[in-house]
Amino acid sequence: MVEKKNIILLLLAIALLVCLAPMPYGYYVLIRYATTILFGVMAYGYFQDKQKGLYITCLALALLFQPFMKIPLGRMVWNFVDVVVAVFLVCLFFRKKSSD
């Protein structure tokens with residue numbers, strides 16, 4: 001059975017891939033908040049589990065996506081980041097799924 005947190009990983013991966021399409025600006029802001037919150041929670045969980053590599057990765061991604069001080073990377077770079085992060089989330093989904 002797939003846990004709720006694994007479903008959230010897949011939903012966020014899909015939401016990041018939807019960012020490749022032209023969407024209203026509010027959608028991108030919503031995704032920034034959701035991504036920051038999710039990666040912050042994940043970083044805390046990995047910190048508690050003493051998984052330093054995943055902790056630092058999730059913390060860096062939370063800081064990258066944070067909506068308060070936007071990082072101007074340009075549309076093409078953000079599209080690349082969205083795809084890479086979506087692939088990362090899918091890998092985490094299958095990693096967690098296979099370890100259950």
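Here are some questions and answers about the predicted model above.

Me: Before we start, what pLDDT do local features need here?
Reply: Residues are numbered from 1 along each chain as its sequence is written, and side-chain values use heavy atoms, with hydrogens and water left out. In this predicted model, side-chain atom pairs count only at pLDDT 80 or more, totals for chains, interfaces and linings use all residues, and local features need pLDDT of at least 70.

Me: Is Ile-14 buried or exposed?
Reply: Ile-14 sits in helix α1, residues 4-18 (a helix is a DSSP run of H or I, at least four residues, numbered from the N terminus). The cut-offs are under 20% relative accessible area for buried, over 50% for exposed and in between for partly exposed, using a 1.4 Å probe and protein chains only. Ile-14 comes in at 52%, so it counts as exposed.

Me: And how does Leu-17 count, by relative accessibility?
Reply: Leu-17 is in helix α1 too. Its relative accessibility is 42%, so Leu-17 counts as partly exposed.

Me: How far apart in space are Leu-17 and Val-87, C-alpha to C-alpha?
Reply: Along the sequence, Leu-17 and Val-87 are 70 residues apart. In space, their C-alpha atoms are separated by 9.6 Å.

Me: What separates the C-alpha atoms of Phe-47 and Ile-7?
Reply: Phe-47 belongs to helix α2, and at 48% relative accessible area it is partly exposed. Phe-47 and Ile-7 are 40 residues apart along the chain, and their C-alpha atoms are separated by 21 Å.

Me: Which element gives the most to the lining of the largest pocket?
Reply: A pocket here is an open set of points on a 1 Å grid over the protein atoms alone, where a 1.4 Å probe fits, with protein on both sides within 12 Å along at least five of seven lines; lining residues have an atom within 4 Å of a point. Of the 16 lining residues, Tyr-28, Arg-32, Arg-75, Trp-78 and Asp-82 are closest to the centre of the largest pocket. The elements giving two or more residues to that lining are α4 (75-99) and α2 (25-48). With 5 residues, the one that gives the most is α2.

Me: Where is Lys-50, and what is its phi near?
Reply: Lys-50 is in the loop between α2 and α3 (52-65), and it is exposed, with a relative accessible area of 74%. Most residues other than glycine have a negative phi. Lys-50 has a positive one, near 60 degrees.
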